[in-house]
Amino acid sequence: MSTETPQSSDVERNVVERLRASPFLQELLSNRIAVFGLLIIGTMFAVAIYARLTYELDAIVDTMFNANPTQAAPSTEFWFGTDGQARDIFPRVLYGAWYALKFGTATVLASTVLGIAAGVVAAYYGDLTDNVIMRTMDVLLSFPSLLLALALVTIFPESLGLWRAVAALTLVYTPRFARVVRGAALKVLEDEYIDATYALGATDPRLLIRHVLPNCLAPITVQSTLNYGLAIIDIAALSFLGFGASPGDPSWGMMLSEGVERGLFSGAWWWSFFSGLFLALTVLGFNLLGDGMRDALDPRMRDTVD
């Protein structure tokens, strides 16, 4: 017998009806490119969860000389072949999806929170506060992102592994969110209802959290989606250069580095091919979804580009 109450079923029905009636979702789902990107992202998340629940990390990191052949080409037994340590590349590439999405999510969440805080505070208080915050952001933006990340990642101890790449990239991406949020917040603060809310006695935190921030979610969402792909590829780039994952970790960047350094010279193209393919598909998915979300939230931009 169902224990669902009439009130709970009505609430769920109302939520579903609102989602179906949402112009944003209708516009997004009508964009085939965005839907394709969403399917890629959904597949990668499914792969990441499957790998996390199926494989033991130690089993795919340790050498397997006594169990598998070394540098075996892709076959029905080893779908993606084996590497120089006789490790099966297939579970390593799948587990790499977990690494990419896990650390990419941490990077985007941290930089989004810091960027929102900096952008909203700068827009609301203005004057000296605005100048100090935004000039600091301008200094950070004046450096190439990967070069700045390389400089920052050396500050953190190597024992942190990929978390030091997350910390460095968080500082690199924060200015991007701060500029976007500041511009959106300045437009919202010009509306009359903000003055009316302030006149009714709303405190600064309430005004910013309940009224300003919700009206800035559109550009924040688009920027977060696009930065998600950038975070994944930058984390891979740092690992490729030796400033991210530790040797043996199933990181796509580390597998690319090992494949280019040792595999290509020996003709073992599969060392780097499959990790690079998964990395490219994941970044492509987030870029396609981000473009689709931008068009759905601002159709005028799409018309201008077309």
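**Exercise 1.** In this predicted model, is Thr225 buried or exposed?

*Solution.* Begin with the location: Thr225 belongs to helix H11, which covers residues 217-240. Next, take the relative accessible area, which is 10% for Thr225. The cut-off for a buried residue is under 20%; Thr225 is therefore buried. Finally, consider the contacts: with neighbours within four places in sequence left aside, Thr225 is in contact with Phe286, Leu289, Gly290 and Met293.

**Exercise 2.** Determine whether Ala86 is buried or exposed, and do likewise for Asp127.

*Solution.* Ala86 is not a glycine, yet has a positive phi of about 65 degrees. This residue sits in the loop between helix H4 (57-61) and helix H5 (89-125). Its relative accessible area is 0%, so Ala86 is buried. Asp127, also not a glycine, has a positive phi of about 50 degrees and is part of helix H6 (residues 127-141). Because the relative accessible area of Asp127 is 65%, this residue is exposed.

**Exercise 3.** Which helix gives the most residues to the nonpolar surface patch, and where is Trp269 found?

*Solution.* First, identify the patch: its members include Phe36, Phe240, Val260, Trp269 and Leu284, and its accessible area totals about 870 Å². Helix H13 (residues 270-297) gives the most, with four residues. Trp269, for its part, lies in the loop between helix H12 (252-263) and H13. The relative accessibility of Trp269 is 42%, so this residue counts as partly exposed.

How values were computed: Residues numbered from 1 in each chain as written. Predicted model: local features only at pLDDT ≥ 70, side-chain atom pairs only at ≥ 80, totals over all residues. Heavy atoms only, no water. Patch = residues over 30% accessible without salt bridge, like charges linked within 9 Å, V, L, I, M, F, W, Y side chains within 5 Å. Areas by Shrake-Rupley, 256 points an atom, 1.4 Å probe, with all protein chains shown as cover. Salt bridge = Lys/Arg side-chain N within 4 Å of Asp/Glu carboxyl O. Helix = DSSP H or I, 4+ residues; strand = E, 2+ residues; numbered from the N terminus. Buried < 20%, exposed > 50% of the residue type's maximum accessible area, 1.4 Å probe, protein only. Contact = heavy atoms within 4.5 Å.
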